[in-house]
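Some labels attached to a model rest on cut-offs.

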Amino acid sequence: MSGEIRVGHAVFYLSYLQSICTRFFTEPNGVGNQMSLRKHKVIQVLMVLVAIVIAILAFEIHRDKAPDNNSVSSKSQPFKNKFNINYIDDSENKLSLPQVSKLPSGMYADSNKEIHSPDSLVFSVWYKVTLKPNEDVLSQPFNVTVDNPTLDKITFYLMSKDKVIHTKKVGDTVYSKNNFVYVIPQININHGMHHNQSLYIHIETNGASGSPIVIEPVDKSQLRSSAQLMLIGGFIGVVLIMIIYNFIMFRGIGDPSYFNYIGYIIFGGLAIVLINGFAFYVFPFTVAKWLNQHLMLTHFSGLTFALTFAISFLRFDKIKPWFVNLGMVASKVILVFALSGLYFTEATLTPFYFAAVLFVYVYVLSLMAMVINARLMWVRYYLLSWLPLFLGVGIGIATFNGGVSYSFLTRNAALLGVLAEISIMAIALMDRFHANEIDKEYRINHDSVTRLPNKTALESALQKLINDKKSFTLVLFEIPEANTLIPSLGKDISDEFFIQLFNNVEGYADGLTSVYEFENNLENETFHVARVGESCFSLVFVGDLSDEALSDNFLAIQEAVSTFISVNRAAISVSCYAGVVSYPNDTTDKENIITLAFQALLGSTQNKHDWTRYEQQKSENIKKRFELAAELQTAIDSDDLELFHQPQINMETGEVSGSELLLRWNHNELGYISPRRIISIAEETGTINHLTEWVITQGLNQHAKLYKLGFEHTVSINISSKDLTDNGLIAHILTIITESLVPPASVIFELTESATLEEPEAAKTVITELHQQGFKIAIDNFGTGYSSLDYLSQLPFYQLKIDKRFMNIDKSPSNRTITEMAMMLGNRLGVSVVAEGVETQGTADILKTLSCPLAQGYLYAKPMAFIDYMRWLQKKP
């Protein structure tokens, strides 16, 4: 098979393999951690296959020529042995072609006996190639190749009888329209060679090493060139695929290891491309020339990323922080050297580069020593990947400096070493990704402090039992002291306490019959206890469990829980309550078994019972309230709630002073739900803070629109007692007031009298801070609570609102007295008073006689939707 056909087949197979990889990369669901592990494995196997195919096909192409001696294969050996190849180094004393051509043979060194080793990286050398005297005249065309693409300038002079008959200049600083000569610097001797002809090769360079001379027939040379191009082109393909793959992984996972590896293979691949002259195929001549002149920029940059990749890839707790910091500092220093490559020559920086390489090798080997005992395959793959890298780079350097016999294999040892390193590292990255997925799965299913199975693991276990059609009893335990005593110990001591507590419980649970055993964890440990909350844990009993057996088991666990635990030089004993639900005896609701157990547990803690079994009928109301709470959350998120405005009227002038915001929810099935019920459900289910933020946001936005229309009234917004402990309440209010551009003094926040009693300190803090920010505070439903006047006098409130239940003052003398006393109290305290629920003119007339400043109620206007309220204001005289 001809070399050209082999090249065609090689390119076809590589293109096919790379297209398969590309299809994997570009699938919609193939990004980051969404990509299945199986698909990752397929990609990694394809990567290795691509690398293997590249190497095999390259050597298959090259196989048509002979194996090597110093420069070529054994079949070519007789051909090269027809020539004398001698050299003379003129680095110190520059020689011209006429001078060199007249030098006696004794001044040349024989390259077959002594390989040229320059004293400096900046050198000049002349090679003289002639037919041996005992050889016949050569009529066969042949090529002479100086197989080192990094040489700056190579000039071929073909002379006949002291006359130059052909000249050719190549090298990475010499412009040529034929990019091939940058990869394979050679001259073609078309008509063979006579004894009176000589070929002089003048090499001038800065920073390169050896300069092997290869002489072979044209067909063999073409095969060598095809194999070389095949190898480099395939190498670039693998590098590009790895860059794309790691970029996708970095975008999907965010792990810096993938970013650092991208940098490493970019600069490592670029260095190989530059060394092999392939940059002139990829970049314009000026760019490729600049890159070759600043080769150390890529070398040092590759080292920088190799170092940071090693640190991020081999991150373990056992690696000392100071050692990691040392590596990061060193990477920055190496980066400085990389940038210095813009200003200093390759020869100047090469000693520093080898020193940096030595440091990186020592540092990475030290990292490897620290993690060598890790039982992780990806660590071993990482260690293995350095072997071909060390070996390939070492052989490559030795080949160009005469330490190893030159051959196609040794000439490309560095490229093959990097290719093998990339292939093995692809497997290491895959295995590490797989290990991270396992670790992530472990963290998802286990408590970080106690390493017990968590709620997610419990849900999976229950689902498995249900799928296997097994009956079981779930028991949830709660430590009541966890809300009072344990938090005062501090986090570290609390964690230590719970570790000991759950170890005790696990020890007792292990002796119980029919208790469910969770799957082994990463340390091959088995557990029966699952931690489903800070102070809540569970046990699952497989099969039917009688109440008597349940009581016996509870007593055993209670004994374990009450065992004294020594922490911080103190012995602590706690207690527990339990909630029980059996499947399918108590419920067939597969999706909410844990929730039902929590409902039973709530009954135990509220009624102070040791344990309580779930009863379906009792939970129906709770279930409906939870369902309504979920619908309320949806209504908040989708703005399905409404704010109605009820105006507050100045009793003296009849003008509108402001309005109170009243929440309305028109449920699709239940119709309008009372605000009292909405607030009650929101407070029970923890939705109240979200609801209050929605009311504040919408209310202030509506208030801002009224202000722009010229209605510079006040707006009153109700705050729940549960909002007083919301750390984000004040920040949210200040954010919205800034965006709405309304004066804080026009906003009144209402708290019920009972709310100030439930959270007295929190109420005092919030009221004071709102007051300091310029807002006004009103005490709502005044007269219905039991707050002390002394406490109220300490609060900077602006307004008292008399509850509507007292507004039958035209019929009830006692309520009239209470109202009158409230008016007097407001006057004495210097605060405004609002009468709520005014529905008759008689009530309004009495309020006027009592000098009540403000009133609101159906007598003046019912609560109105915002649009209706704006129209009402515009029509009001």
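The questions below take up confidence, a helix pair and a sheet.

This is a predicted model, in which local features need pLDDT of at least 70, side-chain atom pairs count only at pLDDT 80 or more, and totals for chains, interfaces and linings use all residues. Residues are numbered from 1 along each chain as its sequence is written, and side-chain values use heavy atoms, with hydrogens and water left out.

Q: What is the mean pLDDT of the protein, and where is confidence lowest?
A: pLDDT is the predictor's confidence in each residue, from 0 to 100. The protein has a mean of 81, with 85% of its residues at 70 or more. Helix α1 (residues 3-26) is lowest, at a mean of 41, and β5 is highest, at 94.

Q: Why is α17 called roughly antiparallel to α18?
A: Helix α17 (residues 491-509) and helix α18 (residues 547-562) pack at about 150°, with axes 8 Å apart. Angles over 145 degrees count as roughly antiparallel (under 35 roughly parallel, 65 to 115 roughly perpendicular, the rest oblique), so α17 is roughly antiparallel to α18.

Q: Which residues of α17 make the contact with α18?
A: Contact means heavy atoms within 4.5 Å. Leu501, Asn504, Val505, Tyr508 and Ala509 of α17 meet Ala556, Ile557, Glu559, Ala560 and Val561 of α18.

Q: What makes β2 and β6 edge strands?
A: Two strands pair if DSSP finds at least two bridges between them. In the open sheet, ordered β2-β1-β3-β8-β5-β6, β2 (109-110) and β6 (163-170) each pair on one side only.

Q: How many bridges join β5 and β6?
A: Strand β5 (residues 153-160) pairs with β6 over seven bridges, in the antiparallel sense.

Conventions: Axes are lines fitted to C-alpha atoms, for helices over the stretch in contact, and angles run from 0 to 180 degrees between N-to-C directions. Helices (H or I, at least four residues) and strands (E, at least two) are DSSP runs, numbered from the N terminus.
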